[in-house]
Amino acid sequence: MTFALITPSYAPDYERCRLLVESFERLVATNTRHYLVVDRQDLAMFAPLASSRVTVLVVEDLMPDWLIRDPARPESWQSLRTRPVTNWVLQQLVKMSVFQAITEDIAIFCDSDNVFIRPFDPEKRLVTDGRLALFRVDHQNEYLLAWRDTAVMLLGLTGREIPVVNFVGNLICWRRANVFAMHARIEEATGMNWLEAVCQHEAVSEYVLYGLFVEHLMGVKIAGHEFFTGKLIKPSWGANLGSPESMREFFADMDADYVGVMIHSKDNIPVDMYASMVRNFWK
């Protein structure tokens with residue numbers, strides 16, 4: 001069983017990503033390779049992070065030639081087959097396309113505002129009796145209903161009673177074979193190429209789409225998964241970490257099961273404010 005850590009990133013998150021890569025090389029088991037996925041315009045910036053265990057992929061190389069970046073419209077990509085595709089949807093397409101560029105069996109998605117603080121072996125923490133952790137909780141957010149409804153349409157689940165549940169989190173795991181089966185299902189249900197089908201929608205969550213496909217079409221056990229609600233990454237969601245004191249309190253209260261933390265990039269907290277606390281765990 002081979003694992004790939006997948007980190008989409010871009011120039012404003014470079015320092016966060018650099019700290020994540022350093023923590024990966026120090027703490028993540030050697031059964032795992034790290035892939036950074038960046039826009040071509042950011043490749044020169046991220047290229048120095050590549051190593052024997054870290055590979056930098058280019059977003060444009062994963063996308064079909066009918067999706068075109070328009071420098072005059074940085075908020076979206078132009079499409080020769082559909083309406084313009086927002087950066088949000090483009091992120092979903094990148095993750096759903098990544099297996100075409102990697103050879104590993106399992107992808108673990110890890111955004112660049114995460115960082116590891118303790119040793120992490122995916123096979124020990126994410127696999128039980130051959131079944132891979134599938135994160136699923138009842139916690140709701142304001143977007144989940146729309147994401148569920150889009151997934152229902154793309155997967156042809158209309159008419160079924162599909163609950164609104166959350167498959168979104170940190171260190172989300174997918175199996176290669178399931179992703180290609182999901183592509184095929186979308187094409188069967190919509191009558192069009194899966195990429196084109198997803199581009200018809202603006203409210204899309206790749207994690208909800210995969211989660212509902214596994215739960216309601218494949219079956220969780222047949223898909224090689226089991227539901228998981230354990231602790232892996234301590235998130236900063238809802239925390240006010242704007243002061244050194246609050247940041248120290250955040251790191252001081254660290255459950256033993258956490259292997260990393262997520263300091264949300266949208267909070268615009270400088271990496272220098274917490275990097276030393278991360279490195280203290282490494283010691």
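Two residues are in contact when they have heavy atoms within 4.5 Å of each other. In this predicted model, residues 24 or more positions apart account for 76% of the contacts with a separation of 6 or more.

Welcome to the overall picture. The protein has 11 helices and 14 strands, which are DSSP runs numbered from the N terminus (helices: H or I, at least four residues; strands: E, at least two). Its radius of gyration, taken over C-alpha atoms, is set beside a globule rule of 2.2 Å times the number of residues to the power 0.38. With 283 residues, a compact globule would have a value near 19 Å, and the protein agrees because it has 19 Å.

| Property | Value |
|---|---|
| Span of the C-alpha trace along its principal axes | about 55 × 45 × 35 Å |
| Share of the 283 residues that count as buried | 53% |

Buried here means under 20% relative accessible area (1.4 Å probe, protein chains only).

In H11 (residues 275-282), Ala275, Met277, Val278 and Trp282 are buried. They lie on the same side of H11, because they cover an arc of only 165° around the axis; the arc is that of the directions from the helix axis to the C-beta atoms. Their cover includes helix H1 (14-27), strand S8 (114-116) and helix H10 (244-252).

Residues are numbered from 1 along each chain as its sequence is written. Local features need pLDDT of at least 70, side-chain atom pairs count only at pLDDT 80 or more, totals for chains, interfaces and linings use all residues, and side-chain values use heavy atoms, with hydrogens and water left out.

Note on methods. Buried means under 20% relative accessible area, exposed over 50%, partly exposed in between (1.4 Å probe, protein chains only).
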